[in-house]
Amino acid sequence: MRKYRLIGLTGQSGAGKSTVSKLFSKLGAKIINADEIVANLYTPGSYCLKAVSATFGDDIINTDGILNRKLLAERAFSSKNNTAALNAIVHPFVTARLFELLKGAYGVVVFDAPQLFEAGADVICDGIIAVVADEKLRLNRIMQRDNLTEEQAVSRIKAQFSEDYFKTHADIIIENNSDERNLLRQGEEAYTNITNGVM
């Protein structure tokens, strides 16, 4: 019998999911971060990196064998088809690693995954929390955070599901259209629901 509850934490780029994830960690949850898993998959010479370069071009790998993340992002987020192609390669590797990390886990485990639904990982979660925010706010946050042009930031936003999709597929919605204090308050309420078995 499992000794853990797996909670999927997802949301739109720039909505504030990372802040909520850090809060959950402070409150006692074990965090498994999908982006960190992906970063480790892209090690020089890895099967995953070879598969990605075969689809998006050998030039996404620098001469030292390290992935040119900016170039890959430009190509992967240039269209929904390209984003789907990258997801089809990477998601099986991420899911396999997730199950490895869940071995021996107990208590509340949060899978912090911006592409939780795209990966199909939502079906193995006991509950799902989505962080959303108005598009204009997210656009400004992404541009400042990742030093992107408006065009690049819009491409990332368009590559994701709509706010309505997150709202209709998650058990708890956290809306980050105000200040961080309000975001953290909602996060604490959500975590209380998790620990009390409400979700």
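Me: Where does R2 lie in this predicted model?

Reply: In this predicted model, R2 belongs to the segment before β1.

Me: Why is R2 called partly exposed?

Reply: Its relative accessibility is 42%. Buried means under 20% and exposed over 50%, so R2, at 42%, counts as partly exposed.

Me: How far is R2 from K103, counted along the chain and between C-alpha atoms?

Reply: Along the chain, R2 and K103 are 101 residues apart, while their C-alpha atoms are separated by 9.5 Å.

Me: What span is expected of helix α5, and what span does it reach?

Reply: Helix α5 covers residues 80–102, which makes 23 residues. From first C-alpha to last it reaches 31 Å, close to the 33 Å expected at 1.5 Å a residue.

Me: Where in α5 does a kink lie?

Reply: The kink, of about 35°, is at V90, shortly before the proline P92. After the helix comes G104, whose phi is positive, near 80°.

Me: Which residues of α5 are buried, and what do they pack against?

Reply: T83, L86, N87, I89, V90, H91, V94, L98 and L102 are buried in α5. The partners of these buried residues are β1, β2 (30–33), α2 (34–41), α3 (47–56), α4 (69–76) and β3.

Me: Which residues touch the most other members of the largest nonpolar core?

Reply: That core has 36 residues, and Y42, V52, L72, L86, V90, V94 and F111 touch the most other members. The elements giving two or more residues to this core are β1, α2, α3, α4, α5, β3 and β4. Its largest share, six residues, comes from α5.

Me: What is V52 in contact with, leaving aside its neighbours within four places in sequence?

Reply: V52 is in contact with Y42, G57, I60, L72, L86, I89 and V90.

Me: What span does helix α9 reach?

Reply: Helix α9, residues 180–195, has 16 residues and reaches 22 Å from its first C-alpha to its last, close to the 22 Å expected at 1.5 Å a residue.

Me: How do you know that the buried residues of α9 line one face of the helix?

Reply: The buried residues are L183, Q186, G187, A190, Y191 and I194. Viewed down the axis of α9, they fall within an arc of 140°, so they line one face. As a general point, an α-helix has 3.6 residues a turn, so residues three or four places apart point the same way.

Me: What covers the buried residues of α9?

Reply: The cover includes β1 (4–11), α1 (17–26), β3 (107–112), β4 (127–132) and β5 (172–175). Just after α9, G197 takes a positive phi of about 75°.

Me: What makes E189 and R185 a salt bridge?

Reply: The closest N and O atoms of E189 and R185 are 2.9 Å apart. The rule asks for a side-chain nitrogen within 4 Å of a carboxyl oxygen, so this pair is a salt bridge. Both residues lie in α9, four residues apart, about one turn of the helix. E189 is partly exposed, with a relative accessible area of 43%, and R185 is partly exposed at 40%.

Me: Why is the pair R75 and D59 said to tie parts together?

Reply: Their side chains meet in a salt bridge of 2.7 Å, N to O. R75 lies in helix α4 and D59 in the loop between α3 and α4, so the pair ties together parts that are 16 residues apart in sequence. R75 counts as partly exposed at 27% relative accessibility, and D59 is partly exposed with a relative accessible area of 45%.

Me: How do you know that E135 and K158 form a salt bridge?

Reply: Their closest N and O atoms are 4.0 Å apart. The cut-off is within 4 Å, so the pair counts as a salt bridge. E135 lies in helix α6 (residues 135–146) and K158 in helix α7 (residues 150–158), so the pair ties together parts that are 23 residues apart in sequence. Relative accessibility is 41% for E135, which counts as partly exposed; K158, at 48%, is partly exposed.

Me: How many salt bridges are there by this rule?

Reply: The count comes to ten.

Terms used. Residues numbered from 1 in each chain as written. Predicted model: local features only at pLDDT ≥ 70, side-chain atom pairs only at ≥ 80, totals over all residues. Heavy atoms only, no water. Expected span 1.5 Å × (residues − 1). Buried < 20%, exposed > 50% of the residue type's maximum accessible area, 1.4 Å probe, protein only. Arc of directions from axis to C-beta. Contact = heavy atoms within 4.5 Å. Bend = angle between axes of the 7 residues up to and from the residue. Core = buried A, V, L, I, M, F, W, Y, C linked by side-chain atoms within 4.5 Å.
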